[in-house]
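Try each task before you read its solution.

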Amino acid sequence: MVRHFTFIIFVVLGFLQGCAPVEEKTEEMDKEEEKPVEKVDQHSFAIPEEAVMTFLDLYIEVDFSEKVIKGTAKITFENHSSNRLFLDTKGLFIESVKVGDREVKFTLHEEIPFMGSALEIEIDTFTNVVEVNYKTSADAPALQWLSAAQTSGKRHPFLFTQSQAILARSWVPCQDSPGIRFPYSATVTVPKNLMALMSAENPQEKNDSGIYHFKMSKPIPAYLLALAVGDIDFKSLGSRTGVYAEPSMLKKSADEFEDLEKMLTAAEKLYGPYKWGRYDLIVLPPSFPFGGMENPRLTFATPTIIAGDKSLTSLVAHELAHSWSGNLVTNATWDDFWLNEGFTVYFENRIMEEVYGKEIAKMLSLISYQDLQAEMEGMNYSEDTRLKLNLKGRDPDDGMTSIAYDKGYYFLKLIEETVGRENWDAFLNQYFSEKEFQAISTEDFLAYLKENLLDKHPGAEEKLKINKWVYSAGLPENCPVIQSDKFEKVEMEIVKFMDGEKARNLNTNKWTYQQWVHFIRKLSDSVSISQMSELDLAFHFTNTGNNEVLFEWLMLAVKKEYKPAYPKMEYFLKSVGRRKFIAPLYKAMAENPAQINLGKRIYKQAKSNYHFVAVNTIDTYFSEQ
């Protein structure tokens with residue numbers, strides 16, 4: 001039952017007419033002007049003014065043999081006297097839609113690239129509950145089905161979801177917009193020897209039935225819907241914290257994250273009570289495409305952060321920080337993504353400072369700055385380097401760059417420096433308290449900032465140059481400058497090495513991984529293959545267990561064509577699915593005529609291990625050749 005494409009254009013664009021694009025600011029504008037507020041989410045077919053979700057009740061079965069999820073989504077919604085309900089879907093097979101015992105008419109509209117298909121359900125003006133019986137496609141982009149061979153234990157298959165940004169609609173019919181929040185419950189049936197976990201209240205051990213019940217009483221946006229199914233065990237780390245992992249990974253995971261309770265306490269000390277009950281973490285198989293995903297009550301994490309020395313736990317601090325920035329107060333649309341991630345990087349840095357000290361926090365800030373500069377150069381300082389994005393007609397995944405994370409962080413750091421940390425912290429506590437369980441746009445935040453903080457500090461607004469940060473490309477000249485004594489010492493050792501000092505004689509005693517990352521990044525472009533061999537012999541970069549350091553070394557190896565590292569690079573690309581690591585390596589090989597065939601060969605062999613969001617990025621590197 002498909003209507004003509006022009007109707008979809010009417011649904012997607014016609015109802016959005018009147019949402020004027022944000023006016024571009026020039027550097028000459030000194031006076032802050034009020035911005036038009038754009039509330040409508042261009043990446044959802046939902047029309048919340050007519051009918052908006054208020055509760056989701058799932059009854060689903062996970063079928064590993066067919067690689068599908070099937071069942072019923074019972075959707076409660078607030079009906080504003082409408083005779084239709086719009087839901088988001090992507091690749092779903094809709095078997096029927098019921099209101100009570102009565103089947104009702106529905107239309108699954110023609111698919112639009114990256115957005116999927118609008119599901120239009122005919123209802124009465126007094127209807128407020130529908131039941132959608134459905135089945136996912138075998139290639140649903142949110143679902144990563146792993147064979148037993150692709151897991152750590154090699155005995156049982158594994159499934160995990162990745163719903164951000166707009167992939168929840170590929171496994172649950174819903175209103176898939178960050179501005180629409182709803183609590184949910186679920187009954188999930190899985191093979192009896194496996195455990196199911198969700199972004200909800202979770203079991204801590206397997207049961208005999210394979211049927212698991214879940215409840216998330218707090219309203220969340222659809223991108224935080226999450227499910228993991230596999231051979232999973234649990235270990236408690238504190239009264240409110242614990243870690244899940246495959247049995248073979250559980251001990252090393254628990255050892256790595258033993259400071260989780262301490263981090264949670266530090267976070268609450270900064271910005272108020274944790275509102276989600278428990279904070280647990282699951283270490284997923286290596287094909288997980290991100291470092292972490294902040295699913296409420298159950299952070300999804302990559303095993304690449306397990307270094308054996310807790311050195312990479314800043315990622316856990318980041319996902320924990322999302323329990324306030326993102327999960328508690330959420331960006332209204334994906335154009336406002338910096339409100340989720342800029343705040344979270346700032347908050348992460350404060351947690352790390354509280355738990356591990358100021359010098360670690362400074363080094364992390366400087367690595368963030370380096371990432372930001374590299375991202376901006378790669379984007380040619382385009383309009384996508386603004387904090388407030390314009391992703392109309394584009395996949396919101398395009399906006400998930402370090403601009404939102406790192407430029408957002410430095411803007412918030414500037415506010416802290418301008419008004420003072422004590423005043424800034426008081427404001428943030430008020431912000432998270434007053435805006436909890438709400439969605440907020442960039443313009444809403446800036447108005448709130450002005451009223452509740454900047455107006456109390458004369459001259460602060462002028463010093464900040466807010467419009468340059470939010471609505472202009474590039475990095476404003478008033479960006480905070482952070483210095484690190486430890487990084488300065490690293491640079492001194494680099495000069496000595498490039499002047500002829502032997503690697504084994506460099507003063508690298510007790511360096512942190514951040515210092516090693518800085519060392520590799522700052523090596524001169526004139527470093528030779530023989531010098532790389534010398535460094536490798538002295539510091540064992542090719543065989544390091546720290547994946548952040550290894551990645552930087554492999555990037556340098558590709559750039560300089562240091563072939564002794566190629567076997568390790570191939571192994572790394574075949575065993576890790578984290579997009580942050582694998583995409584830049586493939587891109588570097590794709591751009592080098594001498595290495596493009598190597599990149600294509602490795603990618604062809606490794607591609608089946610990667611999640612859709614990683615494949616979606618890497619495919620573009622080789623399709624353009």
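**Exercise 1.** State whether glutamate 353 is buried or exposed, then find its salt-bridge partner.

*Solution.* Start with accessibility. Glutamate 353 has a relative accessible area of 17%. Next, the partner. Glutamate 353 meets arginine 421 in a salt bridge, N to O 2.9 Å. A salt bridge here is a side-chain nitrogen of Lys or Arg within 4 Å of a carboxyl oxygen of Asp or Glu. The pair links distant parts of the chain, 68 residues apart: arginine 421 lies in helix H8 (residues 421-434), glutamate 353 in helix H5 (residues 338-356). Helices are DSSP runs (H or I, at least four residues), numbered from the N terminus. Arginine 421 is partly exposed at 28%.

The model is predicted: local features need pLDDT of at least 70, side-chain atom pairs count only at pLDDT 80 or more, and totals for chains, interfaces and linings use all residues. Residues are numbered from 1 along each chain as its sequence is written, and side-chain values use heavy atoms, leaving out hydrogens and water.

**Exercise 2.** Which residue forms a salt bridge with aspartate 280?

*Solution.* Arginine 278 does, with the closest N and O atoms 2.8 Å apart. Now check accessibility. Aspartate 280 is buried at 3%. Arginine 278 is buried at 18%.

**Exercise 3.** How many salt bridges does the rule give?

*Solution.* The count is 40. Some join into a network, which links Arg155, Lys206, Asp231 and Asp233.

How values were computed
Buried means under 20% relative accessible area, exposed over 50%, partly exposed in between (1.4 Å probe, protein chains only). Helices (H or I, at least four residues) and strands (E, at least two) are DSSP runs, numbered from the N terminus.
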